[in-house]
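Dear colleague,

My findings follow directly after it, and I would be grateful if you could read them beside the model.

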Amino acid sequence: MLTIIVALVAVVASAMAPNGVESLQYAIRATARTSFVLFLAVFLSTSVARLAPSALTRALARERRYIGLSFAASQFMHAMALIIYIGTAPEAFWVGRTPAKNIPGSIGYLMILLLTLTSFAMPARLIGPVNWKKLHLAGVWILAVIFAGSFLTRAHQHVAYLVAMLLRMAERFEA
Ligand code: HEM
């Protein structure tokens with residue numbers, strides 16, 4: 001169900017774009033944001049259930065594996081949109097980007113793969129409960145750092161955008 005909602009958000013976002021390349025950019029951003037919401041729900045679920053116990057917060061903590069798998073599906077769509085984007089408009093993708101900038105995201109995808117695989121019973125048994133705990137703790141924190149990095153490196157763009165808007169508005173009022 002959550003995966004269907006993510007797919008719908010991505011489709012609606014890309015339909016709102018003025019052209020093909022931008023529709024892929026919209027889909028990439030939309031799936032990054034749906035991933036972030038799902039990630040936060042898993043990341044905070046146990047703490048929230050402990051701090052503010054209620055039927056809802058307990059259900060969130062109980063369903064965190066399902067929400068985590070929906071996060072993985074959302075990131076899979078981020079990857080699919082990226083692959084199509086790189087194939088369609090490589091010059092737009094590589095603007096201001098070096099191969100080194102893809103390293104954190106690639107590590108993120110490796111972690112998502114490992115966390116997803118070990119959320120199933122057989123692989124989880126194979127690595128044992130101690131390693132499972134270590135892997136999931138490290139994986140979730142690595143993803144948190146990647147999210148922080150992705151949003152923070154774009155913060156200046158949003159700020160610049162805001163300043164530009166304010167300048168434009170001031171300009172109009174002056175005129
Ligand atoms: C090699 C793998 C990855 C590549 C090449 C990549 C590339 C991109 C690109 C091109 C954008 C859109 C930039 C824009 O138009 O503003 C984007 C947005 C984003 N990505 Fe990824 N990504 C990767 C993996 C990941 C992973 C693993 C995460 C999270 C754990 C992530 C989180 C984000 C976030 C938070 C945004 C910003 C969305 C926004 O502007 O609101 N990405 N990524």
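I begin with a helix pair: the axes of helix H1 (residues 2-15) and H4 come within 9 Å and cross at roughly 30 degrees. Axes here are lines fitted to C-alpha atoms, for helices over the stretch in contact, and angles run from 0 to 180 degrees between N-to-C directions. H1 is therefore roughly parallel to H4 (angles under 35 degrees count as roughly parallel, over 145 as roughly antiparallel, 65 to 115 as roughly perpendicular and the rest as oblique). The crossing of H1 past H4 is right-handed; a crossing is left-handed if the near helix is turned anticlockwise from the far one by less than a right angle, and right-handed if clockwise.

On the H1 side, the contact is made by Leu-2, Thr-3, Val-6, Ala-7 and Ala-10, and on the H4 side by Ile-67, Ser-70, Ala-73, Ser-74, Met-77 and Ala-81. Two residues are in contact if their C-beta atoms, placed from the backbone, lie within 7 Å. By class, the residues of this H1 contact with H4 are eight nonpolar, three polar and no charged (Ala, Val, Leu, Ile, Met, Phe, Trp, Tyr, Cys and Pro count as nonpolar, Asp, Glu, Lys and Arg as charged, and the others, Gly among them, as polar).

The model is predicted: local features need pLDDT of at least 70, side-chain atom pairs count only at pLDDT 80 or more, and totals for chains, interfaces and linings use all residues. Residues are numbered from 1 along each chain as its sequence is written.

H4 (residues 64-88) also meets helix H2 (residues 20-51), their axes coming within 8 Å and crossing at roughly 160 degrees. H2 and H4 are therefore roughly antiparallel to each other, and H2 passes H4 in a left-handed crossing. The contact of H2 with H4 has 16 nonpolar, 11 polar and one charged residues.

Turning to the ligand, Ala-32, Gly-105, Gly-108, Ile-146 and Ser-150 come nearest of the 21 residues around it (a residue is near a molecule if its C-beta atom, placed from the backbone, lies within 6 Å of it). Two or more residues of the shell come from each of H2, H4, helix H6 (103-117) and helix H7 (121-174). H2 gives the most, with seven residues. The shell comprises nine nonpolar, nine polar and three charged residues.

Overall, the protein has seven helices and zero strands; helices (H or I, at least four residues) and strands (E, at least two) are DSSP runs, numbered from the N terminus.

Yours sincerely
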